[in-house]
2 protein chains.
Amino acid sequence: MALPRISADRLWQRLMALGEDGALPGGGVNRQALSAEEILAWRRLIDWGAGAGLKPSTDFAGNLFLTLEGSAPQLAPVVAGSHIDSQPTGGLFDGAFGTLAALEAATAIAEAGLTPERSIVVVAWMNEEGSRFAPGMMGSELFAGLRPAEEVMAVRDADGVSVGEALKAVHDAFPRIARRPTGFPVHAYVEPHIEQADRLESEGAVIGVVSGIQGKKTYEIRLTGREAHAGTEPMARRQDAVKAFAGIAARMHEAMAGDPLVKFTIGRVVVEPNAPSVVPARVTFRIDLRHPDNAALEVFGARIEEIAKAGAGACGVDIRRLVDAPSNGFDTGLRMAIGASADRHGLARLDLLSAAGHDARQMASLTRAAMIFIPCRGGISHHPGEWAEPAHVAAGATVLLDLLMAEAGVSSKQGDER
Amino acid sequence: MALPRISADRLWQRLMALGEDGALPGGGVNRQALSAEEILAWRRLIDWGAGAGLKPSTDFAGNLFLTLEGSAPQLAPVVAGSHIDSQPTGGLFDGAFGTLAALEAATAIAEAGLTPERSIVVVAWMNEEGSRFAPGMMGSELFAGLRPAEEVMAVRDADGVSVGEALKAVHDAFPRIARRPTGFPVHAYVEPHIEQADRLESEGAVIGVVSGIQGKKTYEIRLTGREAHAGTEPMARRQDAVKAFAGIAARMHEAMAGDPLVKFTIGRVVVEPNAPSVVPARVTFRIDLRHPDNAALEVFGARIEEIAKAGAGACGVDIRRLVDAPSNGFDTGLRMAIGASADRHGLARLDLLSAAGHDARQMASLTRAAMIFIPCRGGISHHPGEWAEPAHVAAGATVLLDLLMAEAGVSSKQGDER
């Protein structure tokens, strides 16, 4: 009986095919959470999984699971995957690579005629990106019991559609796939992903052994002024929310200068009524703050809140903390196994911290968890120009296959039969 | 034969009724240019005009005319009115008062059984506000030949609908009303309007004799950076368009401080892709700059362009000048007639400059033009809380009636018959 091997060609072709669901005219994808495009992508995954005998299921949170059943299905399964939603102008690899690498590894085991002891579950988490419905990581947070379901289901997109409504549309599109409880026991979780930075590339490494995920705080800040006529209202009497925003945002950016490890982004700004000749009454904006050092993250977070309060001027200010996640560390045993697999296959590796957030953060609160990074060209991600080399895609899936076989008990069991 | 008198009750009731087209739940209206709500308002105006024998017509530019035909229709008519489009969160009086005051004055003449020598044309100009399609004043600019028709028709709203397309929908809704040339000869133009500032109110005056309109410049500025992942892209390598915007906007606001006559507004800001965890690639924003002194307007305009160029940092900057209108003065004879009418009716009056722009600016380039202001409470306008007292509404229409009778030759002609 042959040892399982991943098919680099099939994995690459599937990555390209998945990029057709939500393809943007100039390259890249817009496949936001719970959208019609994501429904198309679900269909592809379910069909591909069925070809290898993987059974689809979903849960209340809208996560998609494809299960290769083990010989001891009563044991907690090994879970691997990522997400298939994208940013509005996203790339072909963020999320898709990890999900399809897990599908490829499970398919390779099935095609080799092997049955793992523990079931292997390929997962695509609901709304990792958080662009349509903010903040992201909803599926893994619900799975890990980190956020109340009612709160998540009530979040609305810019068109007023709630997560609950959008999720119903997805589930309605797949009436026959099985439902399972949200948050079943998991033996181990492994998530492959592109690095979304350029350390692997610049140091010539192919496999990133991820030590943990840098801490993150996100805020929604609302400035409330008063509408008035742009031609007549005296400046001294105005409560101009865009003026307040500009001062606050400029001061925040100044306050972040100097520390090369801080990441500070105001990515979303909504102005109301947003008419050229009306003094703007409201600005609602989002802050994304990250730092690998938890103490520094706290200091910068406090500074942000100070600046927002001090700079509102004539406007009212309302600060909401959406995400407050310190840096975390992944499981030492899994990290060692990733390193050993890379060495075995002759793949240069590097230990590194993830600057981006991932569903693996939530899974680490629930079980042993780890991440496998591969390089992405120029560190460019969340952009249509995102790119990973086919050889690196294959390398990441190969290392994942080793981990799944070890964790699900494929190699040992089959070893006995040889 | 009785001298014509306006009906204060009818005028007020019509103002309130027009406010139902586009009524907002909490008060005020959203009746943007060429919208379904404006079509409803057209229907009301046409019906009300028909009741007094006024004939509707429209032109290529989407202006609505209601004509009380004179005994010498070959002579250039007297035109009076304003507009009926509103800001997204507008009030019941801006534009609507002037249009309905003109309709009331023409109706009063017709109901008194009088025929003016010159025709009297009540006008509602297309897209004065410029909130849906920017910049505003489109109908009067096309009428006065100040902007190329192709350029105006190609402007698109946020949903991608062009002026030409929206205008076709309006004209299609009224297939039987007559078409007339855009920009016919005009004997005189008078526009009543709420002041949109509080000088009349604070000085206890009822009629504002408008000396002119303060100068205005508007710009659209686009900052172009590059999308990147908010958690991974090093700050030093980012081209963050919101960061550039904040710095530029804050510096512009600082540069405007100190001169009590300048009016500076950034009312519209559009961020792309506007996703919380993506470094923003583009910010497009509008500047509305006004100053009664033309030299000062030029200085502030130059300063704005300097700041935009200097502050773009790693982003590209593109500056478009949309409107560049110096302060103008209205016709001396018409202004004297307004003052004399106010005195005759015992209405306290005040000479003042309009801080807001109006269609009368464009008409002043074509013919003798003037404006009659009435107070608006607290100077609040472009806001649902906009309010004018019924007595002031009636006073403005009464003064307009005097002007229309004199300019269209009602009083003199009827005087001969007495």
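Between domain 1 of chain A and domain 2 of chain A, about 730 Å² of area is buried, with carbon and sulfur atoms giving 56%; buried area is the accessible area (1.4 Å probe) that two parts lose on being put together, summed over both. This is a predicted model, in which local features need pLDDT of at least 70, side-chain atom pairs count only at pLDDT 80 or more, and totals for chains, interfaces and linings use all residues. Residues are numbered from 1 along each chain as its sequence is written, chains are lettered from A in the order in which they are written, and side-chain values use heavy atoms, without hydrogens and water.

**Domains of chain A**
- Domain 1 covers 8-214 + 328-417 and domain 2 covers 215-325, with bounds from an automatic or database domain assignment.
- In contact (heavy atoms within 4.5 Å) are 9 residues of domain 1 of chain A and 11 residues of domain 2 of chain A.
- On the domain 1 side, Pro135(A), Gln214(A) and Arg361(A) lose the most area to domain 2 of chain A, together 59% of what that side buries.

**Chains A and B**
- Chain B and chain A each bring 63 residues to their contact.
- The area buried between chain B and chain A is about 4800 Å², of which carbon and sulfur atoms give 55%.
- There are 2 salt bridges between chain B and chain A.
- Arg237(B) forms a salt bridge with Asp198(A), their closest N and O atoms lying 2.8 Å apart.

Definitions and conventions: A salt bridge is a side-chain nitrogen of Lys or Arg within 4 Å of a carboxyl oxygen of Asp or Glu.
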